[in-house]
Amino acid sequence: MTSSDKRDAILTGEHFWQGNIALAEGAIAAGCRFFAGYPITPASEIQERMTERLPFLGGTAIQMEDEIASMVAILGASWGGVKSMTATSGPGFSLMMENLGLGMMMECPCVLANVMRGAPSTGLPTHWGQADVMQAKWGSHGDYGVIALCPDSPQECFDLTVEAFNLSEQFRMPVLILSDAAVGHMTEKVVVPPADKIKLYPRRLTKKKPGKYLPFQPGPDLVPDMVNAGMGYRIHVTGLTHDERGYPDMSEAAQDRLVRRLVDKIRKNADKIIRVEEKNTDNADVVVVSYGISSRIIEPVIERAAQEGIKVGVLRLITIWPFAEKYVRRLSERVKGFVVVELNYGQIFYEVERCACAKAKVLLQEHMGGGIPTTEQILSKVIGAAK
Amino acid sequence: MTEKELPQDTSGLEVTPAPPALTGHPVEDLLRMDRIPHIWCPGCGIGIGVNALSQALKESNLNLDKVVIVSGIGCTGRVAGYVRLDSFHTTHGRAIPFATGLKLANPELTVIVFSGDGDLVAIGGNHFIHAARRNVDITVICVNNFIYGMTGGQVSPTTPVHAKSSTTPYGNFEPAFNLPHLAVSSGAIYVARWTTLHVRRLKQSFKDALAKRGFSFIEIIAPCPTTYGRRNAMGTGLDTMRYYRENSVIKHFANPEEADIGLTGKIIVGKFVDKEKPSYTDIMQYNLEVSMLADLAKTSPRIEKKEKK
Amino acid sequence: MKLWRKPLDADQIKVQKGEVHIIADRCKGCGFCVEYCPRDVLEMSEEFNKSGYHPPITKNPDACVNCGLCELLCPEFAIYSTPEEETEKGKES
């Protein structure tokens, strides 16, 4: 029995949804009750869906005056105690960078979805691309840890958005979802589980009393507990380098402690965060590394390669950041080569190359976006990698 | 490199260096006394704004645990760090959308934005006009010292024509913003301007604005002797205060279009606008109940009103 | 106070007396309190405080009527006044 009443938070059942709709529904299922966004192709459907649904659930969806305001508003709403999210594409993603850094510095849980499109600049508004991957890692100034998830289907748009909210609460930081125009606009079956089957990570509110609680004192997992504004803790939160009290501290020691922890928060917990899908990598000659929409075109290559006598395995990155270093290092000991298939001119390619440490060949099948590489093109790279 | 020792023991909240001894000053419980004295220069007017706001908050009947202050970047932006409320020191120009997010997420909060002229109407100008347009229920306090003080004295959108600044060494030739006019035309329902001399009236304006349901804007004309006053032969902070004494004219409900401030000449202060209009949350609720639920009642058999959080 | 006409109950009105407390080490010597005290209670001292500024001192402490203007006007939270009845029990500056 499929629920489709707009007033139900979780529409349990089977649906035929566009990726963007599934992403919005995943957010709602995760408890997101605040959305601030700005229209941009190909992400506008997310905003539209949230606007249709949130008011019935006691939430708020607001179209802000620009993407910068959207990013900042979701930080404010999160501190106000509500799970919050925004969605955009490349040009908006660029605008949001400064305040993504603010969210990292404030250690503020929230989710930012980037439905990637042809880039750079205005690029291809209605066509897919995957060229924002490195920007997701390095986009804001300074060093900080990043978590970015990459759905390959509307089903994953739903599931990974729930995961993104959970990770944002667990690690007290903004989490990125890197979807793309193809996955965002394709319509497929999405199964929404019953509410009690959807596991949510609750906000880690402190148990300490006001006066004893330090907003940036980390726990053993390097993540501090949180409070919401209005709970009586009289916290101070700033984008300046700060100490455990949250007070600005311009010293070398405070900068070292803080930045090291912001990066280590992810680096040292990477094993808990990284998710990949490995297929047939055990005896593979060549492993194809891809993510998102580009992972959907590998099947024909595997079949054709098998005809050529090459065993092809697939390493699909579900979390792009932190990067699945251990997987690549392990595989580089065994395989002849990697082929990285991505819709950009080489971004994850360099990560794979770095981790392979010249133990295996690494070739790139690039595509600038707005289309997909042909099976022949990928196959020729696979053959090259198998030599 | 010497390691700065910070408390690992959270039980006693020891702070280093030791806070100054508390005295009987009436607003000390609203200040982060472990960070006083503040960084503002002798003769700066920002401390007066903080003082008046603290006194106004104490005299209001607001639950101070639910009052939140949001500031941007700049000298005035440092206010968030000195006031002992839930305080957020955000990025340059973005205090207002942050405050909007806070308020919409938790309408029980009283949200105050306290920032400077450059932060609020230069880089933050877009957010300013839209929050005023929406009539978001926040109180925006702008300390207008006609300059970008923190970064060394660059020109601001409110710097008067002919004034010298570090980026207008031959005199500013750009027309200056008239902030009450900007606020009123964007839709603010309470707009007032006072100088730092008019402390009692400023305190009263704060109380009025905090009680107002909608977008309130208070401009505080303040001295910046270090970067603005020095370059424009305005002397010390005290000299500037004497200038305000001579040249400010209290004129309630004056025409905001006539409230321009020049390098010399009169400064009109007072309340420009004080009216009632449904706030953003009011119109959102109305939309939900009247348009959305009515629409759903027509298309779906289940008819029930969901209470807004 | 200069009056045009003496109120009929002038001898019954008690003008409140106040005591001004100066937290000298917080002062940055801006001079606002000295300038705008309506009762001319304060003047700048010749002494230096911890930071090298000249804090105010009371030259006419008995003239203070606890109007509180110095308290409101001080950007440094370095001066405040209390009604005189409480000052025996009040904190020292």
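How many helices and strands are there in chain B? Chain B has nine helices and eight strands, where helices (H or I, at least four residues) and strands (E, at least two) are DSSP runs numbered from the N terminus. This is a predicted model in which local features need pLDDT of at least 70 and side-chain atom pairs count only at pLDDT 80 or more, while totals for chains, interfaces and linings use all residues. Residues are numbered from 1 along each chain as its sequence is written, and chains are lettered from A and ligands numbered from 1 in the order in which they are written.

**View 1. Chain B as a whole.** Of its 309 residues, 51% count as buried; a residue is buried if 20 or more other C-beta atoms lie within 10 Å of its own, exposed if 12 or fewer, and partly exposed in between, with C-beta atoms placed from the backbone. The domain assignment gives domain 1 (28–276) and domain 2 (278–309) of chain B, such bounds coming from an automatic or database domain assignment. The C-alpha centres of these two domains lie 37 Å apart.

**View 2. The contact of chain A with chain B.** Two residues are in contact if their C-beta atoms, placed from the backbone, lie within 7 Å. Among the two pairs of chains that touch, chains A and B have the most contacts. Chain A contributes 50 residues and chain B 44 residues. Helix 3 (67–79) of chain A gives the most to the side of chain A that touches chain B, with nine residues. That side divides into 25 nonpolar, 14 polar and eleven charged residues; Ala, Val, Leu, Ile, Met, Phe, Trp, Tyr, Cys and Pro count as nonpolar, Asp, Glu, Lys and Arg as charged, and the others, Gly among them, as polar.

View 3. Strand 10 of chain A pairs with strand 2 (residues 86–89) of chain B in the parallel sense, over three bridges; two strands pair if DSSP finds at least two bridges between them. Opposite His236(A) stands Ser87(B), in strand 2 of chain B.

**View 4. The contact of chain C with chain B.** Here 21 residues come from chain C and 25 residues from chain B. By class, the side of chain C that touches chain B has ten nonpolar, six polar and five charged residues. No contact joins chain A and chain C, and their closest C-alpha atoms lie 20 Å apart.

**View 5. Two helices of chain B.** Helix 2 (residues 95–105) and helix 4 (residues 125–134) of chain B pack at an angle of about 35°, with their axes 8 Å apart; axes are lines fitted to C-alpha atoms, for helices over the stretch in contact, and angles run from 0 to 180 degrees between N-to-C directions. Ile96(B), Pro97(B) and Thr100(B) of helix 2 meet His127(B), Phe128(B) and Ala131(B) of helix 4. The residues of this contact are four nonpolar, two polar and no charged.

**View 6. An open sheet in chain A.** Five strands of chain A, in the order 11-13-12-15-16, form an open sheet with mixed pairing. Strand 11 (276–279) and strand 16 (361–366) stand at the edges with a single partner strand each, so one side of each is left without a neighbour in the sheet. Strand 12 (residues 286–290) and strand 13 (residues 312–317) of chain A run parallel and are joined by five bridges. Ser290(A) has Arg316(A), in strand 13 of chain A, as its bridge partner.
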